[in-house]
Structures are given as C-alpha cells and as structure tokens.
Amino acid sequence: MKPAAFDYVRAESLDEALDVLAAEGADATILAGGQTLVPMLNMRMARPRVVLDIMRLPGLDRIDIAEGAIRVGATVRQRALERQADLGKHQPLLAAALPWIGHAQTRNRGTVCGSVANADPSAELPLVLVALRGEIELRSRRGARRAAANAFFTGIMSTERKDDELIEAVSFPTAHAGAGYAFREIGRRHGDFAIVACAAVVDTHKARLAIGGVADRPILRELPLPGSADLTDALDAFAADLDARDDLHATAAYRRALVRRLGLQTLQEAAACRA
Amino acid sequence: MPRLMAASSHRVSFTLNGRVVSGEAEPRMLLSDFIRHVLGATGTHVGCEHGVCGACTVQIDGAPARSCLALAVQVEGADIRTVEGLAPAADRLSPLQNAFRDNYGLQCGFCTPGILMSLDALLDERPNVSEAEIREFLSGHLCRCTGYASIVKSALAAARQRREDRVYA
C-alpha cells in the first residue's frame with residue numbers, strides 16, 4: 001500500500017507542464033487533487049515514471065459562468081464548485097450531483113477535471129457532463145481542441161485524451177428555460193461507488209437520461225417524455241442495451257431493475273421541476 | 001521547474017499545528033507517513049491507505065482531507081493541522097475532545113483523531129450544524145467499534161458547547 005518510486009515534477013506554468021507531457025508521453029501521469037490517482041499509486045495499479053503536479057499552475061483555478069456554460073478550470077476542486085454561489089440556479093443537475101461524489105473530505109481535494117480525466121464508469125461528473133452534452137478543453141504542444149463529452153469517454157478509466165494533452169477545463173451547459181433536471185443514485189452507503197446513477201434532462205419536447213455505473217462509461221439516450229405510454233418499453237430496452245454485469249456490489253438483474261425504476265423516478269422528478 | 005528525482009530524498013517544509021517543520025522525503029512518500037515517521041507526530045492514525053476509512057484525516061489549509069491521499073512533496077508550504085493541534089495546553093482538552101470524553105464518543109480510539117479533525121472543521125464552518133449534517137460528514141469515517149451513536153451525540157454536545165461559549169465570550 002505504498003506507491004512505487006517516481007520522479008515528481010511541480011510545473012509552474014502551463015508551458016512547462018505541456019513540455020513535460022510532450023517529452024514523457026505515456027510515462028507521465030498528471031496529478032491534480034490526487035483522490036483517484038493516489039489510491040491507484042498506493043495499490044500499485046498505476047506505476048508512472050513521472051508524476052506531474054499541476055496544482056500550482058496559475059490561472060487554472062477559475063470558475064467562469066458565461067455564454068450558456070459553466071467553465072471549470074483544471075485545478076478547481078469539487079468542493080469549490082459545490083460552494084459556488086447560485087450553482088443550483090445556473091445548473092441544477094450539477095448542484096444535485098456534486099454532494100454524491102465521495103465524501104466532503106475527498107471533495108476538499110479532488111478536482112472536477114480530474115474526475116473527468118480518470119473516467120471511472122460510476123463517477124458522477126462524467127455522467128453529468130454527458131447528460132448535459134458538455135465539452136472538454138484539451139491542450140498540448142500541438143495546439144488546443146475541444147471534445148464533446150459523449151465521444152470523449154471510451155471505456156473503463158479511459159478517454160480519448162492523448163498522452164501529451166492536458167485537460168485545461170470542462171464546460172457544463174447552463175440550465176435552459178423550460179427544462180427540468182434531476183439526479184438520483186443508489187449505492188450501498190453514501191460515498192460508495194454508485195451501483196446505478198441517473199441524470200435526467202426533460203423539456204417540453206423531449207427527455208434524455210444518462211446512466212452511470214452500469215456500462216463501461218456513462219451512456220445517454222433520448223427517451224419519450226414522462227407520462228407517455230411508450231416510456232416503459234423504451235426504458236426496458238435501454239436497461240437491456242446497457243450490458244450490465246454481475247459484480248461484488250450488485251447483480252446484472254438488479255442493475256437493470258434500477259435503471260428502469262430509478263431512471264423513471266429521475267425522469268419524473270426532472271419533469272416535475274421544469275422551470 | 002522543480003524535478004524531484006525518485007531515488008533521492010528531498011527537503012519538505014510546511015506548517016504543522018502552527019510551527020514550521022521540515023524533513024526529508026522521497027517523492028513517493030505519503031503525507032500520512034511523513035507526519036508519523038519523519039516528524040514523529042503519531043496522533044494521526046493510518047488505516048486503509050486508499051482513502052476509504054478516514055482514520056488519517058488531517059486539515060490541509062483548513063480543509064479536512066485524507067493524509068494517505070496526499071504526497072508529502074505536494075503540501076510544501078501548506079498549513080497542516082493534526083489532532084495534536086486541538087488541545088490548548090498539554091493538560092487541557094479542547095471542548096470537542098471533552099465532549100467525546102463526556103459522551104463516550106470513543107472506544108478503541110483508532111478512528112478518533114480523524115473524526116476530530118473533520119468535526120473541528122465542520123463545527124467551525126457551521127455553528128448551527130444539524131444532526132443530519134453531522135451524519136453526512138461522518139459518512140467519510142469508519143468506526144469499527146461501531147460507536148456511531150455516541151460519536152454523533154458527542155458532536156452535537158460539542159456544537160452546543162461552542163454556541164454557548166460564543167454567547168458568553
């Protein structure tokens with residue numbers, strides 16, 4: 001339960017950080033809040049040659065709410081976003097999901113972008129980013145690009161981030177007038193990994209539901225509006241398509257049942273809070 | 001840009017309970033081990049070493065956090081508080097510690113230092129904290145004696161005491 005040896009680099013500017021990533025490639029791992037990486041180092045599931053600490057980079061600790069999006073910089077801790085004034089007004093789904101991430105003691109350290117970068121299939125922030133159709137801003141020596149959340153997550157703990165890229169920020173679209181949002185999760189205990197997590201967005205014409213904890217990444221699907229007769233069948237089909245597996249925490253059948261029931265409740269709640 | 005090589009030890013300095021301290025650490029050394037083995041402050045306990053149990057919780061720049069999920073080299077220059085920093089004097093307990101003593105808030109005591117550091121920050125931030133908020137905060141700590149009822153009772157008593165002290169201060 002102690003990390004294997006690595007070099008530790010404390011980058012002092014974005015340029016320095018990108019230089020290290022360009023030079024070291026897959027041998028370097030980015031360290032931000034450390035709440036996913038350090039357990040993996042301790043258990044030696046990760047054995048990087050170089051750990052690149054980005055937490056002292058200037059200018060990446062900003063939360064900007066403008067132009068229809070909440071842009072969260074690379075070093076913003078989950079707790080800071082949770083405490084952002086009027087977050088629930090700007091994006092109720094984000095405000096509802098944040099308290100479900102780990103515990104207050106881990107949110108004090110863990111970053112928003114770090115959770116997105118690590119892409120745990122049961123993590124709340126990738127799920128919310130997918131449900132809202134958010135974006136990830138990546139930067140490398142080669143340039144900057146934006147990736148859509150839906151295509152960014154490629155599997156268990158894997159994304160389409162290239163080895164030389166740093167997630168500079170993620171953007172969560174702000175709430176639309178007339179849309180309702182809801183988040184629900186079932187775990188064994190509060191703070192445990194989600195067995196199933198649901199994020200729903202409902203407006204006057206359409207409903208969409210994103211599910212975490214079941215497939216190898218968060219999956220989003222457009223569904224009939226709550227109250228329409230064909231929603232039950234559509235939810236059954238969604239649950240079946242998610243390819244749930246048995247594991248230590250829950251059976252596949254239980255996960256499918258949760259997708260149908262908790263998914264329905266989440267959609268109904270989102271419809272009820274339509275503003 | 002500092003690059004600290006894997007095989008050598010490097011000087012790490014930060015403030016521990018109000019005093020500037022320093023010691024040598026390899027990059028891979030966890031803050032929990034640095035506090036206990038290099039600085040000799042063994043009040044902080046180490047349980048699971050992957051962030052689940054909460055025994056090693058300390059305050060980093062005022063915020064409770066797992067010291068097993070931070071590298072010593074990461075907290076260079078930070079302000080760290082551990083359970084040793086709670087008591088106002090060697091022969092006096094803090095009101096929070098007294099509340100745990102009065103309400104049987106500890107049995108074996110292994111989880112207690114971490115819980116105290118979490119609650120100390122919580123009570124500072126929310127003087128009128130509710131039982132539900134205390135329980136939510138305690139979800140980040142495991143007590144294998146399962147003495148949670150007395151821990152919650154102790155926390156509520158400490159919160160009450162703090163409010164009274166404030167009124168008469």
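In this predicted model, 50% of the 169 residues of chain B count as buried.

Chain B is built from five helices and six strands. Its radius of gyration is 17 Å, close to the 15 Å that the globule rule gives for 169 residues, so chain B is as compact as a globular protein of that length. Read from the N terminus, the order of elements in chain B is β-β-β-α-β-β-β-α-α-α-α. Along the principal axes, the C-alpha atoms of chain B fill a box of roughly 50 × 35 × 30 Å. Of the contacts in chain B between residues at least 6 apart in sequence, 52% join residues at least 24 apart. Chain B carries 17 positive and 18 negative side chains, and the centres of these two sets are 3 Å apart.

Chain A contains 11 helices and 14 strands. For its 275 residues the globule rule gives 19 Å, and the radius of gyration of chain A is 19 Å, close to that value, so chain A is as compact as a globular protein of that length. The box filled by its C-alpha atoms, taken along the principal axes, is roughly 60 × 45 × 35 Å.

In chain A, 55% of the 275 residues count as buried. Among its contacts with a separation of 6 or more, residues 24 or more positions apart account for 61%. Chain A exposes about 11,300 Å², with 49% of this supplied by carbon and sulfur atoms. Its 35 positive and 35 negative charges have mean positions 4 Å apart.

Methods:
Residues are numbered from 1 along each chain as its sequence is written. Chains are lettered from A and ligands numbered from 1 in the order in which they are written. This is a predicted model: local features need pLDDT of at least 70, side-chain atom pairs count only at pLDDT 80 or more; totals for chains, interfaces and linings use all residues. Side-chain values use heavy atoms; hydrogens and water are left out. Helices (H or I, at least four residues) and strands (E, at least two) are DSSP runs, numbered from the N terminus. The radius of gyration is taken over C-alpha atoms; the globule rule is 2.2 Å times the number of residues to the power 0.38. Buried means under 20% relative accessible area, exposed over 50%, partly exposed in between (1.4 Å probe, protein chains only). Contact means heavy atoms within 4.5 Å. Accessible areas come from the Shrake-Rupley method with a 1.4 Å probe; for residues, only the protein chains shown count as cover. Lys and Arg count as positive and Asp and Glu as negative; His and the chain ends are not counted. The place of a charge is taken as NZ of Lys, CZ of Arg, CG of Asp or CD of Glu.
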